[in-house]
Amino acid sequence: MFERIGRKILGAAQATGEMVALLVETVYYFKAAPRNLPAIFRQMYEIGVGTMPIASLAALFVGMVLALQTGAELALYGTQEVIGAIVGLSMVKELGPVMTSLLVAGRIGSAMAAEVGAMEVYEEIDALKTLEINPVRYLAMPRLLACLFAVPALVVFATVIGIAGGALVSDVNPAINVPYNVYYDNMIRALDYKEIFKGLLKATVFGGIIAQVGCYVGFKTSGGARGIGQSTTRAVVIAFLLIFIADYFLTRLML
Amino acid sequence: MVPGKNGKKILTKLTHGFTASIFDGCECRSDYEDSHGVGIRIEDLNKSFDENHVLKDINLDIEPGETFSIIGPSGTGKSVLLKHIVKLEKPDSGHIFIDGNDIYATSREQAQRDYRYSMVFQSSALFNSLTVGENVGLWLREKRVCTEGRIRRIIRDKLRLVGLEGKEELMTSELSGGMKKRVAIARSLAMNPDLILYDEPTAELDPVTSDELARVIMNLKEKVNLTTIIVSHDLNFALYLSDRVAMLNEGRIVEIGTPEEIKASQNPAIRKFIYTTTKGIKGEA
């Protein structure tokens, strides 16, 4: 049993080391970004525009539920005016970045792992190597750069929608009954640039995690169609876990 | 609205990542057109995967410009040997010299490398997200070897060479197995290689398509000066195309010779291989 636990720990340590090495190599190839603009834009489009409808819908309902749950409780004590500040802060600092990143991890991280994994299994990565094209530069760098820019942009969009959803419920629901202008004034008073920066920093880190995990798991894929399927699941699970862990530490650091 | 000349230029640069911007006046990098067959020497090569000793003391000499086939049953390490030559695998021991340079030597010695190699994979390994033309021109664009106009002409020429003229815009998913193989060959040829390696080129192809492919490779042999290594379990294909053939059996080279010598060999492993691939119809004498 100890041997098995030891082997698991060693495996995890090795994977961590490899992922860090991949990150360093990927960042090194940022210098080649100008001549890979088409690939970067393609990925950004896929991440940003492709995820926008589902992220909007999810953010809208999260904002609405948040306002409904909190607003009803606050109304009991007659303090429902602060609902704008609560929804705004929650969306900007926590729910916007985390929820949107989880959606991107499910939709894009898994697709990255499947695409890179299929390329690994069907010898396309070997073909790249024989063409003297570095797979990290060609595949991982555009994906990481695209995620670093597109995920924060998507988070901004989703956060705005979430806040709007909260405003709608606060105004329309008779149990809360907070007009738009009161909601907005409260929110603006509570939010400052620092809070927005913290949310965007989280989104950037989460974007990096999604791309790195997707590419790393893809590069490590073996074993045909079944291996590709397993990689897809693995990428989502690892990305989810790392996002939650990073979220805690980032929140702790930025308190 | 039709884009003007400048508009087209900007569009091309955006589509192909500023590849075309570094050439002013000249069409291609000066060393691109040079192609020479390379000599390969393999010395005492050994490779194991866990307990499985796949390659055992492999020694081979392949002359510059030669078409050399490695035949043998499946699972005897032919593809693994090929992957060592293109550095996709590292040997446990032994050396591979190309034009006298040890390919696994330190990076400073390797910097002296002045040859290009490419490989046609068993699965063709075409990039599914790219069109046929983009697959063929990938190396040229990535390495910024030529101007965009010249790249398009090279793509057209290489596709013509493999009988696929005008198929640039097709997606790889629209191609048959034989066409995929030919696109993979065109992609390899686009870099004007000094060494080209084919891994089981006739695998999953019907006899007629295999014959067409053989003709394409023969045609290249006449037109392009390069060293060719073919790994195959298709005996007829190997004998038809090669200057020399090596038989790999259970991880060892058991015989090397011209197609005639291989055909006349009394080595039991070769006799068995020849018998099983040419035994004809059941009951017929």
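The model is predicted. In chain B, six strands form an open sheet with mixed pairing, and the domain assignment gives two parts, domain 1 (64-115 + 195-285) and domain 2 (128-193). The contact between the chains takes 14 residues from chain A and 18 residues from chain B.

**Helix H6 of chain A**

- Helix H6 of chain A spans residues 180-190, and its buried residues are A:Tyr183, A:Asn186 and A:Met187. These residues lie on the same side of H6(A), because they cover an arc of only 100° around the axis.
- The other side of H6(A) holds the exposed residues A:Asn181, A:Ile188 and A:Arg189.

**Contact between chains A and B**

- Chain A contributes 14 residues to the contact and chain B contributes 18 residues.
- On the side of chain A that touches chain B, helix H2 (37-76) and helix H4 (124-130) of chain A each supply at least two residues. H4(A) gives the largest share of that side, five residues.
- By class, the residues of the side of chain A that touches chain B are seven nonpolar, two polar and five charged.

**Hairpin of chain B**

- Strand E1 (residues 40-49) and strand E2 (residues 52-62) of chain B run antiparallel and are joined by seven bridges.
- B:Leu45 has B:Ile58 of E2(B) opposite to it.
- Two residues lie between the strands of this hairpin of E1(B) and E2(B), and B:Asp50 takes a positive phi near 55° there.

**Six-stranded sheet of chain B**

- Strands of a sheet pair through backbone hydrogen bonds, in either a parallel or an antiparallel way.
- The strand order in the open sheet of chain B is E6-E7-E8-E3-E9-E10, and the pairing is mixed.
- Strand E6 (117-120) and strand E10 (252-257) of chain B are at the edges and have a single partner strand each, so one side of each lacks a neighbour in the sheet.
- From one strand to the next, the twist averages 15°.
- E6(B) runs parallel to strand E7 (residues 195-199) of chain B, and four bridges join the two. B:Ser118 has B:Ile196 in E7(B) as its bridge partner.

**Helices on the sheet of chain B**

- Helix H2 (residues 78-85) of chain B packs on the sheet and touches strand E3 (67-71), E7, strand E8 (227-232) and strand E9 (244-249) of chain B. The direction of H2(B) makes about 155° with that of E8(B).
- Helix H6 (residues 177-189) of chain B lies across E6 and E7 of chain B and runs at about 175° to E6(B).

**Domains of chain B**

- Domain 1 of chain B covers 64-115 + 195-285, and domain 2 of chain B covers 128-193, according to the domain assignment.
- The centres of domain 1 and domain 2 of chain B, taken over C-alpha atoms, are separated by 24 Å.
- Eleven residues of domain 1 of chain B are in contact with ten residues of domain 2 of chain B.
- E7 and helix H7 (207-223) of chain B are the elements that give two or more residues to the side of domain 1 of chain B that touches domain 2 of chain B. H7(B) gives the most to that side, with five residues.
- That side of domain 1 of chain B has eight nonpolar, one polar and two charged residues.

Terms used:
Residues numbered from 1 in each chain as written. Chains lettered and ligands numbered in written order. Predicted model: local features only at pLDDT ≥ 70, side-chain atom pairs only at ≥ 80, totals over all residues. Buried ≥ 20, exposed ≤ 12 C-beta atoms within 10 Å, placed from the backbone. Arc of directions from axis to C-beta. Pairing = 2+ DSSP bridges. Contact = placed C-beta atoms within 7 Å. Nonpolar A, V, L, I, M, F, W, Y, C, P; charged D, E, K, R; others polar. Axes fitted to C-alpha atoms, helices over the stretch in contact; angles between N-to-C directions. Domains from an automatic or database assignment.
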